[in-house]
Amino acid sequence: MEVRVKLMSLFEEYQKGYPDGRVTLEEGATVLDLVQQLGIPEKLVRILTVNGKQGNLQTGLSEGDTIFLFPPAFGGG
Amino acid sequence: MNQVLASELKRVAKQTISPNEEEYLSLSTEAACQIAGQFKQSLKDVEIEALKNQVIPERYQRNLGTIGVQGQIKLLRSRVAIVGVGGLGGTALELLVRFGVGRIVIIDGDSFVESNLNRQPLSESKNIGKRKVEAARERVGEVNPATEIEIHRVVANERNLPGMIQGSQVVVDGLDNIPDRLSLEKASKKMGIPLVHGAIAGFVGQVTTIFPGDPGLRLIYGSGHFPRSGLEKQFGTPCITPALIATWQVSEVIKILLGWENTLRNRVLVVDFKEQIMEVLHID
């Protein structure tokens, strides 16, 4: 199945292999599978949505889903 | 005494017409300062007394359409603690002082270095090396002498924070790393004070409001060990991100002080200038 992923700019290096945001996953894949396929460290993914609704790493994905992954910002100063 | 003060305030105030063509009695800062000296009262108390008597300190006139006279009195009677007065906290300070928050506790152990100049509003070419809390004190005095400040020139930690934030109604996170933020969250919860968190990295930032008893930062950062420096070192700290995030933090502070609903409690605002993203997400 194919899903679309949209990343914040802090994660853009992980989108390099997927310039149009389309990622092919096996049926029954979860957000965690997507994160691993993109190569993003799991601990950096705390806030995400699937089709606009709050999700988590265990959320199951379906064909055509749109996933936003938001990295936490750390700095200030 | 208060009646004498009230009639003196009315005597020195000037009949003025507001932008929406309503007449009001306007009090200049200069006149308020004179009365404060004459009646041996703080400028803040004189301004509160003026507002209670339908005399409008001119410096707040443009606030009133938004927050009202009672709201302005509430702000003047409020106390807010800002922990860190760099890019986030320095901007938050400027805005809170202009809003007319009556008392601000400023906590920062650092001095300015040249690399602060790209984003920290209290830093200037001529004050490199100066203590940030000293620059903050001067700035507050220049912008709004009615705002009373309490400065702590120390590096905040879990032990010294509770005593410094005690008595504040809201705490503003102006810190620059996760371990210190977790200490601040712990101290704020211990003292029963809501914390307005903000953080940035590159063109990305976030804001959330954490009340005592809320899960708070662990929903954003997870649990476990975090290094003191993170992604922001790689992505930089350009001025637009802390300016926006701090502005949103101040909006949260004002809403909490005024008792308004619809804060970012249990929600996080995420912003990405580069990708043109601004979203409010539920976190629970």
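Q: How much area is buried between chain B and chain A, and what share of that area do carbon and sulfur atoms give?
A: Buried area is the accessible area (1.4 Å probe) that two parts lose on being put together, summed over both. In this predicted model, where local features need pLDDT of at least 70, side-chain atom pairs count only at pLDDT 80 or more, and totals for chains, interfaces and linings use all residues, the area buried between chain B and chain A is about 2,500 Å², with carbon and sulfur atoms giving 61%. Residues are numbered from 1 along each chain as its sequence is written, chains are lettered from A in the order in which they are written, and side-chain values use heavy atoms, with hydrogens and water left out.

Q: How many residues of each chain are in contact?
A: Contact means heavy atoms within 4.5 Å, and here 42 residues of chain B are in contact with 21 residues of chain A.

Q: How many salt bridges are there between chain B and chain A, and which side chains meet in one of them?
A: A salt bridge is a side-chain nitrogen of Lys or Arg within 4 Å of a carboxyl oxygen of Asp or Glu. The count between chain B and chain A is two, and one salt bridge joins the side chains of A:E12 and B:K274 at 2.9 Å, N to O. On the side of chain B that touches chain A, the residues divide into 20 nonpolar (Ala, Val, Leu, Ile, Met, Phe, Trp, Tyr, Cys and Pro), nine charged (Asp, Glu, Lys and Arg) and 13 polar (the others, Gly among them).
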